[in-house]
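Reader: I am new to protein structures and would like to learn how to read one. Could you walk me through this one, a question at a time?

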Amino acid sequence: MSVNGHIHSIESCGTVDGPGIRFIVFLQGCLMRCKYCHNRDTWDLDEGQEMSVEEIMKEVVTYRHFINASGGGVTASGGEAILQPEFVRDFFRAVQAENIHTCLDTNGYIRKHSSIIDEVLDATDLVILDLKQMNNNIHKNLIGVSNKRVLDFADYLHQRNQKTWIRYVVVPGYTNDQKSVHLLGEFLKYMDNVEKIEMLPYHQLGVHKWKAMGHEYELKDVNPPTKNTMENLKNILESYGLTVVY
């Protein structure tokens with residue numbers, strides 16, 4: 001019998017969390033406190049619906065034709081999926097048994113690299129890793145925690161030669177300066193396991209969730225980055241030999 005997971009929601013036909021059409025399971029719980037989080041309601045690990053791997057797989061297989069025909073698969077996201085590693089391991093093993101692609105969408109805030117983390121990664125075809133900010137002081141201000149564990153995890157993925165996509169959210173005033181992006185390029189330029197970097201422009205689509213939960217949204221006066229800013233940062237990262245999309 002597999003471990004049950006605390007599930008926030010399920011999206012049956014997602015198109016942005018990995019290649020192709022994705023069946024996305026959003027898990028409850030997150031230790032980061034991103035000021036721009038658009039899923040504020042996923043932070044509490046004890047919330048959400050408790051579901052078994054078997055229950056979710058009954059839904060997954062009904063979409064298998066559309067998923068596989070598009071080159072898609074299943075993505076575990078959040079919140080932070082890696083906070084429920086036993087569930088993700090069992091879920092991904094069941095998904096791979098059906099010959100469906102697996103993707104772990106994670107912030108990489110891992111306390112230590114243990115056997116359970118290796119078991120999760122062994123059942124993972126693709127990791128999408130968020131690198132929020134290379135400057136640790138800015139990272140602490142924007143995200144609420146140090147970036148040390150995240151960068152250590154990125155190094156570990158490289159050591160494992162784990163196929164990885166990097167996500168970088170461009171937040172004006174926090175991550176859109178050239179120095180920060182140069183630091184990112186320097187960090188990633190030798191990581192041949194990284195297939196591409198997805199630069200995501202900051203948005204305010206999740207502000208209503210903060211308001212509904214009675215919390216202040218600190219970045220309410222921050223506007224999305226301009227196309228010119230996105231293009232300039234893309235050029236910087238490409239100068240390090242990296243593939244970049246936005």
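Author: Happy to, and we start with a definition: a residue is called exposed when its relative accessible area is over 50%, and buried when that area is under 20%. Keep in mind that we are looking at a predicted model.

Reader: Thanks! Is Asn99 buried or exposed?

Author: Asn99 sits in the loop between H3 and strand E5 (101-106). Its relative accessibility is 65%, and the cut-off is over 50%. Asn99 therefore counts as exposed.

Reader: What is the phi of Asn99?

Author: Most residues other than glycine have a negative phi. Asn99 is a residue other than glycine, yet its phi is positive. The value is near 60°.

Reader: Which relative accessibility does Asn161 have, and what is its phi?

Author: You will find Asn161 in the loop between helix H6 (148-160) and strand E7 (164-170). With 55% relative accessibility, Asn161 counts as exposed. Asn161 is not a glycine either, and its phi is positive, at about 55°.

Reader: Which residues does a cis peptide bond join?

Author: Most peptide bonds are trans. Here, though, there is a cis bond with omega at about 15°. The bond joins Gly78 and Gly79.

Reader: Which residues does Gly79 touch, not counting residues up to four places away in sequence?

Author: To answer this, we look past the sequence neighbours of Gly79 and ask what else it touches. Lys140 is 61 residues away along the chain, and its C-alpha atom is separated from that of Gly79 by 18 Å. The residues that Gly79 touches are Leu27, Gly29, Cys30 and Thr42.

Reader: How many nonpolar, polar and charged residues are in the contact of H3 with H4?

Author: H3 contributes Pro85, Glu86, Val88, Arg89, Phe92, Arg93 and Gln96, while H4 contributes Ile116, Ile117, Glu119, Val120 and Asp122. Sorted by class, the contact of H3 with H4 has 6 nonpolar, 1 polar and 5 charged residues.

Reader: How do the residues of the contact of H1 with H3 divide?

Author: The axes of helix H1 (residues 53-60) and H3 come within 10 Å and cross at roughly 35°, and the crossing is right-handed. Val53, Ile56, Met57 and Val60 of H1 meet Phe87, Asp90, Phe91, Ala94 and Val95 of H3. The contact of H1 with H3 divides into 8 nonpolar, no polar and 1 charged.

Reader: Is Leu121 buried or exposed?

Author: Leu121 is found in helix H4. Leaving aside neighbours within four places in sequence, its contacts include Leu104, Val127, Phe153 and Tyr156. The relative accessible area of Leu121 is 2%, and the cut-off is under 20%. Leu121 is therefore buried.

Reader: What kind of aromatic pair do Trp43 and Trp210 make?

Author: A search of the whole structure finds 5 aromatic pairs. In the pair of Trp43 and Trp210, the ring centres are 5.6 Å apart and the planes are at 85°. Planes over 60 degrees apart meet the cut-off, so this pair is edge-to-face.

Reader: How many residues apart in sequence are the parts that this pair ties together?

Author: Trp43 lies in the loop between strand E2 (22-27) and strand E3 (49-51). Trp210 lies in helix H8 (residues 207-212). The pair therefore ties together parts that are 167 residues apart in sequence.

Reader: Which residues form one aromatic cluster?

Author: Trp210 also pairs with Tyr217, with ring centres 5.6 Å apart and planes at 75°, so that pair is edge-to-face. Trp210 is buried at 8% relative accessible area, and Tyr217 counts as buried at 5%. Trp43 is buried as well. The cluster is formed by Trp43, Trp210 and Tyr217.

Note on methods. Residues numbered from 1 in each chain as written. Predicted model: local features only at pLDDT ≥ 70, side-chain atom pairs only at ≥ 80, totals over all residues. Heavy atoms only, no water. Contact = heavy atoms within 4.5 Å. Helix = DSSP H or I, 4+ residues; strand = E, 2+ residues; numbered from the N terminus. Nonpolar A, V, L, I, M, F, W, Y, C, P; charged D, E, K, R; others polar. Phe/Tyr/Trp six-rings, centres within 6.5 Å; stacked < 30°, edge-to-face > 60°. Buried < 20%, exposed > 50% of the residue type's maximum accessible area, 1.4 Å probe, protein only. Axes fitted to C-alpha atoms, helices over the stretch in contact; angles between N-to-C directions. Left-handed = near helix turned anticlockwise from the far one by under 90°.
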